[in-house]
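Please consult the sequence and the structure alongside the text.

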Amino acid sequence: MLVVMRQDACPEQIRGVVEAIEARGFKAHAIPGVQRTAIGITGNRGAVEAPVFESLPGVLEVIPVSHAYKLVSREVKNESSIVHVGNVPVGGEDLVMVAGPCAVESMEQTLTIARAVKAAGAHLLRGGAFKPRTSPYSFQGLGEEGLKILAEAREATGLPVITEALDNEGVDLLERYADAIQIGARNMQNFSLLKRVGRSRKPVILKRGMSATLEELLMSAEYILSEGNYSVIFCERGVRTFSDFSRNTLDLAIVPAVKKMSHLPILVDPSHGTGRREKVAPLSRAAAAVGADGLMIEVHHDPNRALSDGPQSITPDMFAELVQDLRQIAPVIGRRL
Ligand code: PEP
Ligand code: MN
């Protein structure tokens, strides 16, 4: 259920509605819009009696929300949301470039890459300190040491930092070092982790599970918003198919599908989406063309010696060339870069 306030509703009237919702044991989510504020109601088991709220001062109307996902949907908030990672707005006119290594390997490696991607035009730095690896014998990441290196790289370049949390304890740590918390594909339906980041003040990059449907992706974001964190950015990173020429199949069709259903921004990760270096640039151009709000790209200065995902990592030179190409495409599709 959604309580839509009149355009001239004052803050006390909004507070009054929030209190009335909470007095019934429900949760109220005030969603300010350009025109008016709407207040989403969650936590109700059955129907909410609309007339109770309709008669409160400042209320324009009470409308039922038909989808299982509510707070993420355009029914509740029609205007697209802009989510800030550090000082970088994601979801507005700017096409946002997130770049960096798959894993933080050392201070020197991370600083080298961070400086190179910054010079090439990146807005945000990515890099895993905790790595979800298929094999327990593969490099697992540097842990807190890696987070310190990322913080150092932010200091050196000014780039806000995105890094992955694998579990709730990881979130506690990341909150001290990172500008945004990434939830990886393997954790898209780790509901206790979703609730934990929902209680965080940091923005969340929610990657699509490798076999997740659109509805499952939206519901996972709903977990985060329902806990009070409205700063969620989706990330399409490819799904499992029968393809024998790429690591995953980058499902670019989900970009307009997400845009239709949700007001939240979406990035595309063509690195995990293809698994092959030479496919990263063409799929990046395509992702921009279908309306992605930005790209997340793995870059390594010495990819053949990378401790993880070398085959899909592009070099800083390739990244710089890609940014040049995207700068030409951006104005044609109504974007800025
Ligand atoms: C990553 O971004 O490094 C990563 C592990 O991605 P995913 O969760 O999409 O596999
Ligand atoms: Mn990776």
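A polar contact is a pair of N or O atoms within 3.5 Å; within protein, one atom must be able to donate a hydrogen and the other to accept it, and residues adjacent in sequence count only if both atoms are side-chain atoms. The model is a predicted one, in which local features need pLDDT of at least 70 and side-chain atom pairs count only at pLDDT 80 or more, whereas totals for chains, interfaces and linings use all residues. Residues are numbered from 1 along each chain as its sequence is written, chains are lettered from A and ligands numbered from 1 in the order in which they are written, and side-chain values use heavy atoms, with hydrogens and water left out.

| Residue | Protein atom | Distance to an oxygen atom of ligand 1 |
|---|---|---|
| Arg 126 | polar side-chain atom | 2.8 Å |
| Lys 131 | N or O atom in the side chain | 2.8 Å |
| Ala 185 | polar backbone atom | 2.7 Å |

On its own, ligand 1 has 300 Å² of accessible area, and the protein covers 97% of this area. Such areas come from the Shrake-Rupley method with a 1.4 Å probe; for residues, only the protein chains shown count as cover.

The shell around ligand 1 consists of Arg 126, Lys 131, Pro 132, Glu 164, Gln 182, Gly 184, Ala 185, Arg 186, Lys 207, Arg 237, His 272 and Glu 298. A residue is near a molecule if one of its heavy atoms lies within 4 Å of it. By residue class, the shell has seven charged, three polar and two nonpolar members. In this division, Ala, Val, Leu, Ile, Met, Phe, Trp, Tyr, Cys and Pro count as nonpolar, Asp, Glu, Lys and Arg as charged, and the others, Gly among them, as polar.

One of the shell residues, Lys 207, is found in strand β11. Helices (H or I, at least four residues) and strands (E, at least two) are DSSP runs, numbered from the N terminus. Lys 207 counts as buried at 3% relative accessibility; buried means under 20% relative accessible area, exposed over 50%, and partly exposed in between, with a 1.4 Å probe and protein chains only. The side chains of Lys 207 and Asp 269 are joined by a polar contact of 2.7 Å. Strand β11 (residues 204-207) also holds Ile 205, which is buried at 1% relative accessibility. The C-alpha atom of Ile 205 is separated by 9.1 Å from that of Thr 163, 42 residues away along the chain.

## The manganese site

Which residues coordinate the manganese ion (ligand 2)? The donors are Cys 102 (SG), His 272 (NE2), Glu 298 (OE) and Asp 309 (OD), at 2.0 to 2.4 Å. Their spacing along the chain is C-x169-H-x25-E-x10-D. Cys 102 lies in the loop between β7 (96-100) and α3 (107-120), and Asp 309 in the loop between β14 (294-298) and α11 (316-329), so the pair ties together parts that are 207 residues apart in sequence. Donors are N, O and S atoms within 2.8 Å of the metal (3.2 Å for Na, K and Ca); water is not among the atoms, so sites may look incomplete.

Both Cys 102 and Asp 309 are buried, the latter with a relative accessible area of 17%. Asp 309 has a phi near 55 degrees, a positive value in a residue other than glycine. Most residues other than glycine have a negative phi.

## An aromatic pair and a buried glutamate

The structure holds one aromatic pair. Phe 191 and Tyr 223 are stacked, at 4.6 Å centre to centre and 25 degrees between the planes. Rings of Phe, Tyr and Trp (its six-membered ring) pair if their centres lie within 6.5 Å; planes under 30 degrees apart count as stacked, over 60 as edge-to-face and the rest as tilted. Phe 191 lies in helix α6 (residues 191-198) and Tyr 223 in helix α7 (residues 214-226), so the pair ties together parts that are 32 residues apart in sequence. Phe 191 is partly exposed at 33% relative accessibility, and Tyr 223 is partly exposed with a relative accessible area of 29%.

Glu 236 is located in strand β12 (residues 232-236) and is buried, with a relative accessible area of 1%. Its side chain reaches the backbone nitrogen of Asp 251 at 2.9 Å.
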